[in-house]
Amino acid sequence: MSAASLSSRVLDGDVRALARAISLVEDESADGAELVRQLFPHTGHAYLIGITGAPGSGKSTLVDRLIGEIRTKGQTVGVVAVDPTSPFSGGAILGDRVRMQAHAGDAGVFIRSMATRGHLGGLARPTGEVALILDAAGKDVVIIETVGVGQDEIDIVRTADVSVVTLVPGAGDEVQALKAGIMEIADVFVVNKSDREGADRSVASIEANLSLQTVAEGEWRPPIVKTEATTGRGVPELLDAIERFRSHTAASQGERRRARAEYRLRELLAQHFVRHVERKVLSDGEFDRILDRIAAREVDPYTAVDEIMKRAL
Ligand SMILES: Nc1nc2c(ncn2[C@@H]2O[C@H](COP(=O)(O)OP(=O)(O)OP(=O)(O)O)[C@@H](O)[C@H]2O)c(=O)[nH]1
Ligand SMILES: [Mg+2]
């Protein structure tokens with residue numbers, strides 16, 4: 001199928017075309033890039049919700065409940081669940097499918113799991129592109145679930161309009177969160193599994209951390225929402241908090257998206273420049289020989305880069 005016909009079917013929201021389109025961008029293939037080119041002018045409509053948190057904190061269960069809540073408001077939803085192909089949680093892809101199966105027959109919902117494939121950070125590399133495709137397909141809301149792996153959680157900020165950080169009671173998560181700098185990136189905190197002992201202590205401890213930061217007049221102060229994803233308790237309140245954030249930041253959303261575009265542009269530029277150098281500038285095996293020379297202290301990395309740059313430009 002040509003990129004043009006695939007993209008027009010994606011724009012129509014055709015489920016099979018969506019699945020195919022996502023696979024193409026996931027493979028980071030040339031066809032995928034062509035597809036993004038065609039779809040890009042039709043994007044920017046969806047609101048992107050990022051949900052991050054430790055493995056097993058209940059993100060998928062929460063997303064499942066959120067889908068239900070968003071659907072009752074008549075909006076359509078696309079979900080990208082990034083599977084941490086790590087020792088923490090094997091088989092999460094299957095798990096996500098099972099957990100979100102309640103929406104399997106709903107044409108207004110599209111769910112896709114993808115692997116991180118060893119890319120550092122909680123996000124698989126082309127997550128943003130997958131979100132773009134769901135956006136182009138007309139989904140009103142796109143939810144991106146990522147596992148939290150410390151400071152790389154910052155990735156989610158670069159991809160979503162709102163970042164929801166999920167913690168669980170009694171896991172020492174609050175301290176962990178502080179360490180990883182999550183306090184700075186969370187727009188909304190969730191204490192999930194609030195049926196468990198210690199939920200209020202977790203809330204208090206996040207509160208205490210938050211109070212250390214000075215919030216200027218009129219500036220957003222991240223709310224803390226207690227949820228029990230398994231029963232759905234607290235989920236309407238979570239969606240309320242997200243919607244309040246959305247209205248509060250409506251004026252600055254463009255700025256945030258611009259920052260995201262800048263990050264992606266720089267990332268792509270760097271990636272393509274390096275690829276160009278490796279394929280077109282250096283001869284076969286030369287990259288390795290340069291590495292050998294650096295290891296042998298015959299040349300320093302700065303000089304090596306200078307020399308490559310001179311040849312590349
Ligand atoms: N008691 C309790 N268990 C919950 C709650 N929410 C989720 N769980 C359970 O926690 C386990 C993990 O839930 P998931 O939704 O798979 O968690 P996740 O964060 O998506 O996990 P990964 O994607 O593997 O990182 C499941 O057995 C859920 O049933 C809750 O509010 N209370
Ligand atoms: Mg999950």
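Trainee: Why is arginine 297 called exposed?
Mentor: Exposed means over 50% relative accessible area. Arginine 297 has 70% relative accessibility, so it counts as exposed. This is a predicted model, so the value is computed from predicted coordinates.

Trainee: Where is arginine 297, and what is said of its phi?
Mentor: Arginine 297 sits in the loop between helix H13 (286-295) and helix H14 (301-312). Its phi is near 65°, a positive value in a residue other than glycine.

Trainee: What makes lysine 193 partly exposed?
Mentor: Lysine 193 has a relative accessible area of 22%, so it is partly exposed. Lysine 193 is in the loop between strand S6 (188-191) and H10. Its phi is positive too, about 55°, although lysine 193 is not a glycine.

Trainee: And glycine 254, buried, partly exposed or exposed?
Mentor: Glycine 254 has 48% relative accessibility, so it counts as partly exposed. The limit for exposed is over 50%. Glycine 254 belongs to helix H12 (residues 253-281).

Trainee: How do you know which pair of rings is edge-to-face?
Mentor: Two limits decide: centres within 6.5 Å, and planes over 60 degrees apart. Tryptophan 220 and phenylalanine 245 have 5.2 Å centre to centre and 75° between the planes. So the pair passes both limits and is edge-to-face. The count comes to one aromatic pair.

Trainee: What does the pair tie together?
Mentor: Tryptophan 220 lies in the loop between H10 and strand S7 (224-226), and phenylalanine 245 in helix H11 (residues 235-248), so parts 25 residues apart in sequence are tied together.

Trainee: Why are tryptophan 220 and phenylalanine 245 called buried?
Mentor: Buried means under 20%. Tryptophan 220 has a relative accessible area of 17%. Phenylalanine 245 has 3% relative accessibility. So both labels hold.

Trainee: Which residues of H10 are buried?
Mentor: Ala199, Ser202, Val203, Ile206, Asn209 and Leu210 are buried in H10. They cover an arc of only 125° around the axis, so they are on the same side of H10. The face turned away from that buried side carries the exposed residues Asp200, Arg201 and Ser211.

Trainee: How does the span of H10 compare with the expected one?
Mentor: H10 (residues 199-211) has 13 residues. It reaches 18 Å from first C-alpha to last, close to the 18 Å expected at 1.5 Å a residue.

Trainee: What makes helix H6 mostly covered?
Mentor: H6 (residues 127-136) has nine of its 10 residues buried. Among them are Val130, Leu132 and Ile133. After H6 comes glycine 138, with a positive phi near 95°.

Trainee: How do you know which residues coordinate the magnesium ion?
Mentor: A donor must lie within 2.8 Å of the metal. Ser60 (OG) and Glu145 (OE) coordinate the magnesium ion (ligand 2) at 2.1 to 2.2 Å, so they meet the limit. Serine 60 is in helix H4 (residues 59-72) and glutamate 145 in strand S4 (residues 141-147), 85 residues apart. Both serine 60 and glutamate 145 are buried.

Trainee: Where is the pLDDT below 50?
Mentor: The chain averages a pLDDT of 85, and 83% of the residues score at least 70. Over residues 86-93 the pLDDT is below 50. Beyond near neighbours in sequence, that stretch has six contacts in the model.

Key. Residues numbered from 1 in each chain as written. Chains lettered and ligands numbered in written order. Predicted model: local features only at pLDDT ≥ 70, side-chain atom pairs only at ≥ 80, totals over all residues. Heavy atoms only, no water. Donors = N, O, S within 2.8 Å, 3.2 Å for Na, K, Ca; no water. Helix = DSSP H or I, 4+ residues; strand = E, 2+ residues; numbered from the N terminus. Buried < 20%, exposed > 50% of the residue type's maximum accessible area, 1.4 Å probe, protein only. Expected span 1.5 Å × (residues − 1). Arc of directions from axis to C-beta. pLDDT = per-residue confidence, 0-100. Contact = heavy atoms within 4.5 Å. Phe/Tyr/Trp six-rings, centres within 6.5 Å; stacked < 30°, edge-to-face > 60°.
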